[in-house]
Amino acid sequence: MIDTFQISKTFARPPNQSELVKIGWKPLGNKPANEATAFYFNCASGEPRLTLSKNRNDYWNIRAEVSIGSWLFGSNLHLPNEDELHCGLDLLSEYVQNKSGIVFDAHAARVSRVDFTRDFQVGEHFVIPIIAKFARLKLSRYTRICFDDTSVYFKNKAKEKTKQFLIYSKYHERLTNSKDKTEQDAAKGLIRLEVSFRKSAINRLANSLKLPNHHANHILTRKTSEKVIQKAMTQLYFESLIITDTPDVEKLFNASGSTEAYRYIGFLYMRDQFGEDFSKLPFVNTSQKTLKRYLDECGKAGVLSL
């Protein structure tokens with residue numbers, strides 16, 4: 001469903017800055033409170049992170065960011081369903097108003113960040129081998145980054161980093177971020193897929209799905225999440241790559257027949273031996289279009305390396 005999101009609202013009346021400081025807000029930067037153009041609320045761990053900032057038009061923005069599972073249930077291992085998310089937005093409206101004095105409708109606020117998320121139980125012993133498969137995947141217009149054999153990120157190559165895919169071992173992430181042994185054990189065997197949108201990418205998402213706007217009541221929904229995750233799974237060959245009960249060579253033959261399978265085996269051998277850019281070798285005389293087709297078909301079969 002959804003893990004972390006950030007929403008914001010713009011208002012014209014300047015806040016009472018001295019009152020903000022009295023209730024726990026702190027100015028950003030070195031300016032005194034009465035001259036500051038940005039404030040943050042010193043929240044407790046796990047609570048929504050609040051910021052107030054003045055924009056170029058002299059209006060003020062109030063922004064709230066929260067991992068909804070961590071806030072409501074004490075752990076983002078729990079991904080809230082739609083009813084729980086709806087209640088969470090109600091609570092967030094109250095929270096922001098209580099901490100700032102500003103009327104805040106979280107359902108109608110603009111979304112400036114959202115992490116759509118789904119967990120897959122693949123079995124404890126298969127997590128690392130499956131992530132290794134994704135570490136061999138190459139997506140056009142995305143930079144691949146691997147961390148410690150337990151996670152793979154694909155970040156868009158544009159100057160503004162507005163979209164990324166994350167595939168990672170939830171157990172290893174909990175080992176790093178939680179001392180709760182019960183929670184760590186519950187995360188064993190889980191691979192988490194996150195599709196993260198920020199800023200302008202959220203506008204493009206709303207347009208592509210023909211949503212009325214990029215407000216929370218349209219973006220932060222089960223329907224939107226399912227569409228985003230399903231599209232990401234297709235783009236990442238996800239269902240094929242997490243299958244572990246069939247030998248890889250057999251997958252190629254089952255998916256494409258003998259003649260094509262032999263071609264794909266040769267393609268994967270060259271890729272394994274000489275790297276992803278083996279086509280630049282002087283003795284290789286195969287078009288980029290053909291090699292891209294081979295990679296696409298291997299990905300659909302769930303085999304990116306032998």
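Modeller: A nonpolar core is a set of buried Ala, Val, Leu, Ile, Met, Phe, Trp, Tyr and Cys residues joined through side-chain atoms within 4.5 Å. Buried means under 20% relative accessible area, exposed means over 50%, and partly exposed lies in between, with a 1.4 Å probe and protein chains only. The model is a predicted one, in which local features need pLDDT of at least 70 and side-chain atom pairs count only at pLDDT 80 or more, while totals for chains, interfaces and linings use all residues. Residues are numbered from 1 along each chain as its sequence is written, and side-chain values use heavy atoms, with hydrogens and water left out.

Biologist: Which residues have the most contacts inside the largest nonpolar core?

Modeller: That core has 77 residues, and those with the most contacts inside it are Phe5, Ile7, Val114, Phe134, Leu220, Leu236 and Phe238. Across the protein chain, buried residues make up 43% of the 306 residues.

Biologist: What does Ile7 contact beyond its neighbours within four places in sequence?

Modeller: Contact means heavy atoms within 4.5 Å. On that basis Ile7 is in contact with residues including Ile62, Leu92, Phe104, Val111, Ala216 and Leu220.

Biologist: Why is strand β1 described as largely enclosed by the rest of the structure?

Modeller: Strands are DSSP runs of E with at least two residues, helices are runs of H or I with at least four, and both are numbered from the N terminus. Strand β1 covers residues 2–11, and eight of its ten residues are buried, so the strand is largely enclosed by the rest of the structure. The protein chain has 13 helices and ten strands.

Biologist: With which strands does β1 pair, and over how many bridges?

Modeller: Two strands pair if DSSP finds at least two bridges between them. Strand β1 and strand β6 (residues 110–121) pair in the antiparallel sense over five bridges, and Ile7 has Val111 as its bridge partner in β6. Strand β1 also pairs with strand β5 (residues 60–67), in the antiparallel sense over eight bridges, and there Lys9 stands opposite Ile62.

Biologist: In what sense does β3 pair with β2 and with β4?

Modeller: Strand β2 (residues 25–27) and strand β3 (residues 38–41) pair in the antiparallel sense over three bridges. Strand β3 and strand β4 (residues 49–54) likewise pair in the antiparallel sense, over three bridges. Phe39 is the bridge partner of Pro27, and Phe39 stands opposite Leu52 in β4.

Biologist: What places Lys188 in its accessibility class?

Modeller: Lys188 has a relative accessible area of 27% and is therefore partly exposed. This residue is in the loop between α6 (181–186) and β10. Lys188 touches Gln121, Glu124 and Tyr171, not counting residues up to four places away in sequence.

Biologist: What makes the phi values of Lys199 and Lys210 worth noting?

Modeller: Most residues other than glycine have a negative phi. Phi of Lys199 is near 50°, a positive value in a residue other than glycine, and Lys210, also not a glycine, has a positive phi of about 60°. Lys199 is found in the loop between β10 (190–198) and α7 (200–208), while Lys210 is in the loop between α7 and α8 (216–219).

Biologist: Why are Lys199 and Lys210 assigned their accessibility class?

Modeller: Lys199 counts as exposed because its relative accessibility is 57%. Lys210 has a relative accessible area of 74% and is therefore exposed.
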